[in-house]
Amino acid sequence: MSEDPNTPLAVALFSELLIADQLLRNRLGRVLPKGMEISHFSILNHLAFVQDERTPAQLADTFHVTRGAITNTLSKLEWAGYVHIRPDWDDARRKMVAISPAGRRARDQAISAIAPMISQMVGELGVDKVRAALPVLRDLRGRLEKEG
């Protein structure tokens with residue numbers, strides 16, 4: 001059986017993505033406000049962006065994690081006062097999640113802490129390189145999402 005000639009390129013791409021992901025997570029973890037985890041920021045950022053309530057199931061689907069993982073993260077966010085969780089008035093078995101004013105402030109504070117680091121990175125890489133990379137990364141993400 002002969003090896004696909006694209007295999008070394010594919011392995012190199014995924015190796016770089018995995019290493020970049022780990023390094024970025026480490027850097028983000030150091031600059032996020034005290035006590036805020038990347039998963040907390042991600043949910044707050046999403047809720048601020050969509051400007052609407054979401055169910056825990058919708059959030060789990062959005063972030064490609066289990067409902068148990070979302071429930072755990074939402075519990076921490078609710079305890080911190082960053083989200084409001086209420087029963088769904090149409091279906092008592094479901095809950096609805098919305099970002100609170102404190103959650104919006106925490107998200108904005110996190111953005112302020114992250115922005116200099118990511119702006120510096122874009123500046124060092126060069127805007128043209130980043131613009132050229134985005135379509136490839138979006139296409140890769142889309143293909144991975146389709147495969148579940």
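Thr 55 lies in the loop between helix 2 (38-50) and helix 3 (56-63), helices (H or I, at least four residues) and strands (E, at least two) being DSSP runs numbered from the N terminus. The structure is a predicted model, in which local features need pLDDT of at least 70 and side-chain atom pairs count only at pLDDT 80 or more, whereas totals for chains, interfaces and linings use all residues. Residues are numbered from 1 along each chain as its sequence is written, and side-chain values use heavy atoms, with hydrogens and water left out.

Thr 55 is buried, with a relative accessible area of 9% (buried: under 20% relative accessible area, 1.4 Å probe, protein chains only). Neighbours within four places in sequence aside, Thr 55 is in contact (heavy atoms within 4.5 Å) with Arg 94, Lys 95 and Met 96.

In helix 3, the buried residues are Pro 56, Leu 59 and Ala 60. Because they cover an arc of only 100 degrees around the axis, they fall on the same side of helix 3; the arc is that of the directions from the helix axis to the C-beta atoms. These buried residues pack against helix 2, helix 4 and strand 2 (95-99). His 64, with a positive phi near 55 degrees, follows helix 3.

The lining of the largest pocket comprises 45 residues, with Asp 21, Leu 24, Arg 25, Leu 137 and Arg 141 nearest the pocket centre. On a 1 Å grid over the protein atoms alone, a pocket is an open set of points where a 1.4 Å probe fits, with protein on both sides within 12 Å along at least five of seven lines; lining residues have an atom within 4 Å of a point. Helix 1 gives the most to this lining, with twelve residues.

How values were computed. Buried means under 20% relative accessible area, exposed over 50%, partly exposed in between (1.4 Å probe, protein chains only).
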